[in-house]
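Colleague: Can you walk me through this one? I have some questions about the chains and how they meet.

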Amino acid sequence: MLTSDNAFSTALTLILSMDSALISIVMLSLQVSLMAVLIASLISLPLGAALALWRFPGRNVVIVALNALMGLPPVVAGLCVYLLLSRAGPLGEWGLLFTPTAMVIAQVILVLPIIAALTRQQVEALHSEYAEQLNSLGLTRLRMIPTLLWDARFGLLTVILAGFGRASAEVGAVMIVGGNIDGVTRVMTTSIVLETSKGNLPMALGLGIILLALVTMINAIAHMIGETAKRRLG
Amino acid sequence: MNKTTALITAGTLGLTFSATLMAADDYITLASTTSTENSGLFDAIIPAFSEETGVDVRVVAVGTGQAFEIGRRGDADSLLVHDTAGEEQFVADGYATERLNVMYNDFVIVGPSDDPAGIHDSETVIDAMQRIAESESPFASRGDDSGTNRAELRLWEDAGVTPQGEWYRELGSGMGPTLNTAAGMDAYTFTDRATWVAFDNPQDLTLLFEGDEALFNQYGSLLLSAERHPHLKHDLAAQWHEWLVSDKGQQAIADFEVDGQQLFFPNAE
């Protein structure tokens, strides 16, 4: 029954037909995951850099915790956000459960530790390399943050892509907080789960191929931007 | 990272979101079961309801156990589930004010086509399940506290069998994944007819037992309590609740077919 052949032809047919339901699912997937990565980056890049530069009691505990949270199961993150946003929960008033916003919140929680932990590690390495020069310039640690982040930008691009990979690939969290509602919160990964549960394996695999192609495209664009920038700098 | 670009992206994404959220304010969230969603019933009947009332219905398809939990927490405006005993308890506990019969379908037992337990000529479902247990043929159970799982467990109890041992495998999954797994391990399983007929990956599985009255699977609609959850869209939910049992709603359910086969039988009083 199932051959990779008909999965590829299903994927191709889907793409060529420009199915409007498929397009809205793809757009929502991208919106949710890119938004989550953007918010997580805005918070965790400075956070990771600060963690690299400052020494304070309990710092190692924070580092270990961040590293451990990189492995947070998506379904656990989803459950926490569900309990938070549920009407019976502390933020229930906001009425955000089963909306794309809830999905963004859940993915931010998943992506944030990854970007923060890897940024911390990159910036720390860079800092130990250039500590003398930076000190001789008389920069405060606060002023060092943007300098070091800028210097580490090519490495950090990969860090952000790792975060994006986590966001676009996960299904456990968005399934719980989004509810996989047709036309409202259905994204690529939840569609794949749904098609699998219907036994429509070629369709599920076809969607998987499209998702993979999309993620590859985004990675290629990021890579090209990075390479071009590097060349310009000489 | 260019700050302006980032800000523009953030703005655009934000706007798109608010647009998505504001697009239709006239909607209710319905917690229902995977069997109704996977068979395509909602795609067939919701447009008729929306056209008549201008109200959209957003379906969150979960197991019946989880649907009750969503209802208890006030996260859905309406419930359409299939566990009559559980639904009556839900009303008795004050979470819902009314429960109405909407429709029924039936459960069937599917299994490997060579039928190692020989259940195809069983007289009753009890007999069929005893044969499976006695021959210790692999049986895949949902094991997820869904309506189907609860019905299956009640039948084991009626059959005087304690389902445990190497042959009895609790999967903790929805109906679709359970069918996929049963097909993979050549196991018997207990499924609602709608999911089975709409299922595309049966491999060697085939329908082996059907037709016993004990396999009757009743669906009920619950009108949630306005007192307990005042924030819910009770007016719109009541329209849906009443439409389901109206002549038009019942006809829409009866008209829904997969491969020329009617899957749900309206039976509102």
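Colleague: Among contacts in chain A between residues at least 6 apart in sequence, what percentage join residues at least 24 apart?

Modeller: This is a predicted model, to begin with. In chain A, 79% of the contacts between residues at least 6 apart join residues at least 24 apart.

Colleague: What does the secondary structure of chain A come to?

Modeller: Chain A has 10 helices and zero strands. Along the sequence, one α follows another, in the pattern α-α-α-α-α-α-α-α-α-α.

Colleague: And what does its C-alpha trace span, along the principal axes?

Modeller: About 65 × 50 × 25 Å for the C-alpha trace of chain A. Chain A has 234 residues, and 44% of them count as buried.

Colleague: Let's take a pair of helices. At what angle do α9 and α10 of chain A cross?

Modeller: At roughly 165 degrees, with the axes coming within 8 Å. Helix α9 of chain A covers residues 188-197, and helix α10 of chain A covers residues 201-233. Angles over 145 degrees count as roughly antiparallel, so α9(A) and α10(A) are roughly antiparallel to each other.

Colleague: Is that crossing left-handed or right-handed?

Modeller: The crossing of α9(A) and α10(A) is left-handed.

Colleague: Which residues meet there?

Modeller: From α9(A), the residues are A:M188, A:S191, A:I192, A:E195 and A:T196. They meet A:L201, A:M203, A:A204, A:L207, A:G208 and A:L211 of α10(A). By class, the residues of this contact are seven nonpolar, three polar and one charged.

Colleague: Changing topic to the interface. How many residues of chain B are in contact with chain A?

Modeller: 28 residues of chain B, in contact with 23 residues of chain A. On the chain B side, α1 (3-22), α2 (34-39), β2 (56-62) and α8 (175-185) each supply at least two residues.

Colleague: Which element gives the largest share of that side?

Modeller: α1(B), with eight residues. The side of chain B that touches chain A is made up of 11 nonpolar, 13 polar and four charged residues.

Colleague: What does UniProt annotate on chain B?

Modeller: The UniProt record, an unreviewed entry, carries the annotation "domain: PBP" over residues 29-248 of chain B.

Colleague: How much helix and strand is there over residues 29-248 of chain B?

Modeller: That stretch of chain B is 41% helix and 26% strand. The C-alpha atoms at the ends of residues 29-248 are 21 Å apart.

How values were computed: Residues numbered from 1 in each chain as written. Chains lettered and ligands numbered in written order. Predicted model: local features only at pLDDT ≥ 70, side-chain atom pairs only at ≥ 80, totals over all residues. UniProt positions renumbered as here; feature names shortened; annotations may be inferred. Helix = DSSP H or I, 4+ residues; strand = E, 2+ residues; numbered from the N terminus. Contact = placed C-beta atoms within 7 Å. Nonpolar A, V, L, I, M, F, W, Y, C, P; charged D, E, K, R; others polar. Axes fitted to C-alpha atoms, helices over the stretch in contact; angles between N-to-C directions. Parallel < 35°, antiparallel > 145°, perpendicular 65-115°, else oblique. Left-handed = near helix turned anticlockwise from the far one by under 90°. Buried ≥ 20, exposed ≤ 12 C-beta atoms within 10 Å, placed from the backbone.
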